[in-house]
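Please keep the sequence and the structure in view while reading.

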Amino acid sequence: MKKQRKLLYKILIAAILFLGAFFLPVKQEVWRLACWLSAYVIVGLPVLLKALKNIGHGQVFDENFLMALATIGAFAIGEYSEGVAVMLFYQIGELFQSYAVAKSRKSIASLMNIRPDYANIEKDGKVVKVAPEDVAVDDLIIINVGEKIPLDGQIIEGYSLIDTSAITGESVPREAAVGSDVVSGCINLTARLKVKVSRIYSQSTVAKILDLVENASSKKAVVENFITRFARYYTPIVVLLAVFIAVFPPMLIDGALWSDWFYRALTFLVISCPCALVISVPLSFFGGIGAASRQGILVKGSNYLEALSKAEIVVFDKTGTLTKGSFEVCKVQGEGIDNRKLLELAAYAGLGSTHPVSQSIRKAFGQEPDFEKISSYEELAGRGTKAVVDGKEVLLGNKRLLDEFQVSFEEAKEVGTVVYVAQNRAYLGYILIADEIKEDALSAILALKRAGIKETVMLTGDNFAVAENVAQKLGLDKFFANLLPAQKVEKVEKLLQDKTAQGKLVFTGDGINDAPVLALSDIGIAMGGVGSDAAVEAADVVIMNDEPSKIAQAIRISKKTLQIVRQNIVFALGVKFLVLIMGAEGVATMWDAVFADVGVSVIAILNAMRALKAK
């Protein structure tokens with residue numbers, strides 16, 4: 001802000017000197033020239049010094065070089081007022097650009113103003129304010145009404161409403177009670193809470209979000225890289241053309257004046273400055289990433305935002321993505337064993353598992369486990385678990401697990417997740433577990449169809465009946481069931497071959513077993529609110545509130561951003577090439593050149609800022 005104010009004062013002083021020179025008597029030509037030179041030095045010296053500095057670093061052909069060459073040339077042929085005007089309006093354009101960029105950054109900064117300033121830590125019965133970085137796991141922190149939650153943790157005392165809008169984009173506050181997990185960056189609204197910290201600050205939700213947003217600009221989109229390369233070749237070409245315009249026509253055309261063609265060459269140089277593209281294109285992507293962040297969609301780079309606009313196939317994991325992942329036991333069916341005893345064996349067999357199915361069985365059992373009963377435990381990926389309980393081998397898992405251990409049983413014809421139990425290779429029965437479809441899952445699929453997605457696919461390790469039921473309710477184009485993690489990778493590899501050369505495949509998942517598929521797909525989207533760290537790390541886009549409908553929203557923001565980028569490219573190049581031809585023909589003056597450079601830049605930047613407001 002201080003830098004912008006300083007530039008504004010320079011422009012005002014230079015403008016007064018520039019306009020004042022016109023009111024001096026003709027006889028005072030020396031004083032008039034002095035005014036113009038003074039104005040030129042005030043606004044032009046920084047540009048000249050920057051041009052020299054860049055030349056020293058091997059960066060010859062940039063906008064500073066073009067402005068310096070054109071304005072010094074104008075003074076050389078006696079066009080003092082136009083030389084000053086070009087530099088003055090160039091700096092006015094720089095001021096507008098500076099304000100535009102600052103406004104965009106400020107908008108994102110305020111949007112991401114979630115970094116906590118302090119944490120109230122409870123030690124020895126006293127509450128002390130400390131930096132969030134100084135809080136350890138299992139420390140107890142106090143969060144008063146109106147304060148930001150500084151670290152991730154679990155509530156051990158209190159009940160309150162939590163404003164999660166800065167993290168998830170949701171406007172409706174969430175209820176939080178004893179046992180609820182809370183994440184950093186949210187705001188405590190109604191009552192004092194005591195929270196047990198589960199992660200240090202560097203691993204907290206707020207730290208990860210800030211890191212994602214701060215590093216997003218380092219991953220450039222294809223069109224951004226094209227503009228950078230374009231400017232690298234475009235600028236020296238137009239300088240050579242300007243030299244050609246200045247030198248060859250006077251030598252080859254009878255009666256042509258050197259001063260006339262030199263003036264045309266200088267005008268040509270001013271027009272050719274590529275700042276409108278160099279600034280507005282990255283600014284558009286920056287705005288699009290900001291607009292997505294406001295909706296709780298974190299895009300890790302403008303290359304991923306650009307890729308989303310080309311999405312053709314969207315692939316979903318089922319559990320935790322299209323369904324809530326909050327399983328509940330709805331039926332226990334023992335075969336020659338009491339149902340309660342079957343549930344107990346299943347609870348112990350899955351005691352070491354964090355899978356939602358095992359958690360739901362332990363919840364239904366409802367008793368504190370006796371860990372001494374378990375002498376060994378093994379988790380078998382995509383199949384279930386194997387444990388030794390009271391000296392007997394207990395299998396807990398899907399049909400594939402029992403087939404693998406050659407257990408004879410009759411497959412249950414139930415719609416839901418069926419978990420089989422066997423003891424010492426003898427079948428004991430099954431447990432039926434239901435998982436609800438997310439409220440916005442159907443609207444998410446419909447929105448994707450409206451957004452032009454050609455195919456929606458679901459991959460799941462669950463059984464065929466469950467997968468078919470979910471796919472039919474949501475209107476998915478394809479589904480594949482009974483998949484191991486490695487088989488999910490194979491299916492995605494096959495789907496990648498089905499898309500067009502320009503099209504992109506999007507995979508959305510939340511579990512640790514989804515990380516390989518997230519990394520393999522063109523664009524990986526992680527459900528970040530309850531998703532595993534591995535999934536969030538492997539993904540290119542993170543949806544903070546776990547709503548699949550945000551995928552279509554991200555695609556709409558992407559397409560809107562790319563539309564603005566294309567508008568700026570067509571507008572800037574169209575105006576420039578038109579005025580370049582006019583300049584070479586001698587029709588355009590330096591004033592036209594100023595509009596083609598500064599005017600086009602300002603218009604393109606103002607258009608780019610619309611990306612921030614993408615709905």
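This is a predicted model: local features need pLDDT of at least 70, side-chain atom pairs count only at pLDDT 80 or more; totals for chains, interfaces and linings use all residues.

1. The protein has 615 residues, of which 52% count as buried, and its secondary structure comes to 20 helices and 22 strands. When contacts between residues at least 6 apart in sequence are considered, 65% of them join residues at least 24 apart.

2. Helix α12, which runs over residues 356-365, has V357, S358, S360, I361 and F365 as buried residues. These cover an arc of only 160° around the axis, and therefore they lie on the same side of α12. In general, an α-helix has 3.6 residues a turn, so residues three or four places apart point the same way. The cover over the buried residues of α12 includes the strands β12 (328-334), β15 (392-397), β16 (417-423) and β17 (426-434), together with helix α11 (339-349). Just after α12 comes G366, which takes a positive phi of about 75°.

3. How do helix α14 and helix α19 pack against each other? Helix α14 (residues 441-450) and helix α19 (residues 549-585) have axes 7 Å apart and an angle of about 25° between them, and because angles under 35 degrees count as roughly parallel, the two helices α14 and α19 are described as roughly parallel to each other. Their crossing is left-handed. On the α14 side the contact involves S443, A444, A447 and L448, and on the α19 side S549, I551, A552, I555 and R556. By type, the residues of this contact of α14 with α19 divide into six nonpolar, two polar and one charged.

4. Helix α19 also meets helix α20 (residues 590-608), where the axes come within 10 Å and cross at roughly 175°, which makes α19 roughly antiparallel to α20. From α19 the contact takes in I564, Q567, N568, F571, A572, V575, K576 and V579, while α20 contributes D592, F595, A596, D597, V600, I603, A604, N607 and A608. The residues of this contact of α19 with α20 divide into eleven nonpolar, three polar and three charged.

5. Although F89 and F595 are 506 residues apart in sequence, their C-alpha atoms are 8.8 Å apart in space. Leaving aside its neighbours within four places in sequence, F89 is in contact with W591, V594 and V598. Is F89 buried, partly exposed or exposed? Its relative accessibility is 30%, and F89 therefore counts as partly exposed.

6. D138, in the loop between β2 (126-130) and β3 (140-143), has a positive phi near 80° and is not a glycine. N424, found in the loop between β16 and β17, likewise is not a glycine and has a positive phi of about 50°. With 45% relative accessibility, N424 counts as partly exposed, and the two strands on either side of its loop, β16 and β17, are also among the elements that cover the buried residues of α12.

How values were computed: Residues are numbered from 1 along each chain as its sequence is written. Side-chain values use heavy atoms; hydrogens and water are left out. Buried means under 20% relative accessible area, exposed over 50%, partly exposed in between (1.4 Å probe, protein chains only). Helices (H or I, at least four residues) and strands (E, at least two) are DSSP runs, numbered from the N terminus. The arc is that of the directions from the helix axis to the C-beta atoms. Contact means heavy atoms within 4.5 Å. Axes are lines fitted to C-alpha atoms, for helices over the stretch in contact, and angles run from 0 to 180 degrees between N-to-C directions. Angles under 35 degrees count as roughly parallel, over 145 as roughly antiparallel, 65 to 115 as roughly perpendicular and the rest as oblique. A crossing is left-handed if the near helix is turned anticlockwise from the far one by less than a right angle, and right-handed if clockwise. Ala, Val, Leu, Ile, Met, Phe, Trp, Tyr, Cys and Pro count as nonpolar, Asp, Glu, Lys and Arg as charged, and the others, Gly among them, as polar.
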